[in-house]
Amino acid sequence: MAFDPANILSALLAKGYFPKELPLVFTTTDFGRDVGEILGEWGAQKVYQIDAKSAGKIAGKSKSGSYLYDVPFAELEVMSKPKRGYERRDIHITHPTPQALLARELCENWPAVQKWLSRRRFSEDEIAISSAYDRSVKGINFPMHRAKKSYLTATSDWIVKTDITRFYPSIYTHSIAWAAYGKEPVKAGLKKYKGSLADRLDILVRATNRNQTVGIPIGPETSRIIAEVISARIDDDFSIRNPSLDRSSIDRLQDDWLIGVSSLEKAEHALSSISSIYRSYNLEINGSKTAIERLIAQSEDRWLSELNSFLSHGSSSLSGARLREFLTLCLRLQTENMNEPVMNYALAVVEAKRYSSADVELLESFLLKAAVISPISLASICRIFLNFEVKSGSVSKTRIRDRFTILAERSLERGHHFEVIWLLYTLRGLKTQLVSKRISEMIPETQSSAIALLLLDMKEKGLCKCSLPIGKWEGEISEDRILGDWSWLRTYEGIRHGWLSEKNNVKAHPFFKPMFDRDIVFYDPKKNIETSRKVRKVRSLNRLEDKKDVLDFIKLIRGPNILGEISDY
């Protein structure tokens, strides 16, 4: 198939722009479809400018294909999301101007980027862009990594495990060029590489984050590509230092490393190499997650064995007393294994079954408890609640509203925006009113377009009885703010829906005008939630695709004459 940068650009921005953790109402489909024309108008109206002169000359001659960008530095919208245990991570919505330019640079120069990625030695995940993928970039094949882990632990005497402390937030943006062209050549020839592709990527990544040189956004798929470019160079550096360790000895899942070796000496040398190489890119390994083990511990999977044992040994269906026992077991195992995805697994089991109305109260109680002990699972909890309501109409809206209102107040006080978004989204989907004096008091100082738009939408639907700071939000509308901070989304969609009054003629501003002219939608109130049936179908298809890749991998490491079916990993 011919290389088509316009198509992969459209896919990358239509499906891989906003964080996947946001509800379906937040969409970039229109933006991805029309981004080529929008960028053209932004360039013509000097929302951004291309500067070839500042890229300099070599031996008195202009450098072919080299140029720089003059683009406003923008502020990220930050959403704090639970990670594991008590850990949290920030995810981001980036400003459209630098984000679109960054995506365009990657897509128009995709053959060059693929050449950089070809240095990857130890990751089994393909980096490919297509509208066929859920997030535009092919997803991580977790069954593949489990299969490789199983192989490594069965064929090695010593295991090295490590990952990087705050990988994305710690990436030094200048290291993009180091990874692309080599650290020493770039440092020795800064003028030569000024205006190069990697230099432009550096500029645009910084532009999404107030020109900061440390950290890349978490959310857009462009960041995954850039992180893999850096990881590819690290793979290459490691393979040079450790020529006896090949692909069959190592599994790298982004920044997580698992290495199998035959001696303690080799294990210590491998770990020393990883640490040294990452430090050369201004990154540090995570000491708390680093270990050299004679026999790898399997305790982290005991919870899964216990749940699978329960599900496989019962003869009756998962309902009534047996359902109660299963849900109680899930809650206990999650509290005992705070760092493990017990609840994600449990919710997948729950969503795959069909229940009678007699079980709804039991499931409702379980989901309310799960929202507290596993807030990372709130997206699934919301979806299950709303699907139950559509199918049975028997969930207690009052009970859910009262509990979720308290949880939303508590989360907003703590700055936990991910939880607030999904708690509000559940109430919106259930069509039950939000009444909270505490939320009314906190919203004026909350820096979140996502939360503001959900509340404005609920207000229009008669579902929000909170006082919203409309006047304050309208007073903050200005040219500087729409070009340079997180509030661009609140302003654009607030005006487009008529929830906010236009100020300072911003609809005619060269940044907004091309999007208003095409009625680009970033917030679509008509969307609600995916059906459980669709979720089950997608999971089934993804499992089949992953299983094919796992089988190919097993054939590769064990030989081509492997017969029969492989087990589920």
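Leucine 264 comes out as partly exposed, at a relative accessible area of 36% (buried is under 20%, exposed over 50% and partly exposed in between, with a 1.4 Å probe and protein chains only). This is a predicted model, in which local features need pLDDT of at least 70 and side-chain atom pairs count only at pLDDT 80 or more, while totals for chains, interfaces and linings use all residues. Residues are numbered from 1 along each chain as its sequence is written, and side-chain values use heavy atoms, with hydrogens and water left out.

Leucine 264 sits in helix H12, which covers residues 264-280 (helices, H or I, are DSSP runs of at least four residues, and strands, E, of at least two, numbered from the N terminus). Setting aside residues up to four places away in sequence, leucine 264 touches Trp158 and Ile292, where contact stands for heavy atoms within 4.5 Å.

Aspartate 34 belongs to helix H2 (residues 29-44). Its relative accessible area is 13%, so aspartate 34 is buried. Apart from neighbours within four places in sequence, aspartate 34 is in contact with Arg518 and Ile520. Aspartate 519 lies in the loop between helix H25 (513-517) and helix H26 (532-558). Although not a glycine, aspartate 519 has a positive phi of about 50 degrees. With a relative accessibility of 41%, aspartate 519 counts as partly exposed.

Serine 136 also shows a positive phi, here of about 75 degrees, without being a glycine. The residue is located in the loop joining helix H4 (110-117) and helix H5 (142-155). Serine 136 is buried, and its relative accessible area is 0%.

Next comes the core. The largest nonpolar core holds 164 residues, and those with the most contacts inside it are Phe31, Trp42, Phe238, Ile259, Phe366, Phe404 and Met515. Such a core is a set of buried Ala, Val, Leu, Ile, Met, Phe, Trp, Tyr and Cys residues joined through side-chain atoms within 4.5 Å. Helix H19 (residues 417-430) supplies the largest share of this core, with 9 residues. A second, separate core has 5 residues, among them Met144, Ala147, Phe553 and Ile554. As for phenylalanine 238, its contacts beyond four places in sequence are Phe122, Leu245, Ile250, Trp257, Ile259, Ala270, Ser273, Ile274 and Ile277.

Several helix pairs were also examined. Helix H1 (residues 5-15) and helix H3 (residues 96-108) have axes that come within 9 Å and cross at roughly 140 degrees; axes are lines fitted to C-alpha atoms, for helices over the stretch in contact, and angles run from 0 to 180 degrees between N-to-C directions. H1 and H3 are therefore oblique to each other, given that angles under 35 degrees count as roughly parallel, over 145 as roughly antiparallel, 65 to 115 as roughly perpendicular and the rest as oblique. The crossing of H1 and H3 is right-handed, a label used if the near helix is turned clockwise from the far one by less than a right angle, with anticlockwise giving left-handed. On the H1 side, Pro5, Ile8, Leu9, Leu12 and Leu13 meet Gln99, Ala100, Ala103, Arg104, Cys107 and Glu108 of H3. That contact comprises 8 nonpolar, 1 polar and 2 charged residues (Ala, Val, Leu, Ile, Met, Phe, Trp, Tyr, Cys and Pro count as nonpolar, Asp, Glu, Lys and Arg as charged, and the others, Gly among them, as polar).

H3 also packs on helix H11 (residues 221-241), at about 45 degrees and with the axes 10 Å apart. H3 and H11 are therefore oblique to each other, and their crossing is left-handed. The meeting residues are Gln99, Leu102, Ala103 and Leu106 in H3 and Thr222, Ile225 and Ile226 in H11. They split into 5 nonpolar, 2 polar and no charged.

Helix H13 (residues 302-313) and helix H15 (residues 342-351) pack at about 20 degrees, their axes 10 Å apart. H13 is therefore roughly parallel to H15, and the crossing is right-handed. H13 brings Trp303, Leu304, Leu307, Asn308 and Leu311 to the contact, and H15 brings Val342, Tyr345 and Val349. By class, the contact of H13 with H15 has 7 nonpolar residues, 1 polar and no charged.
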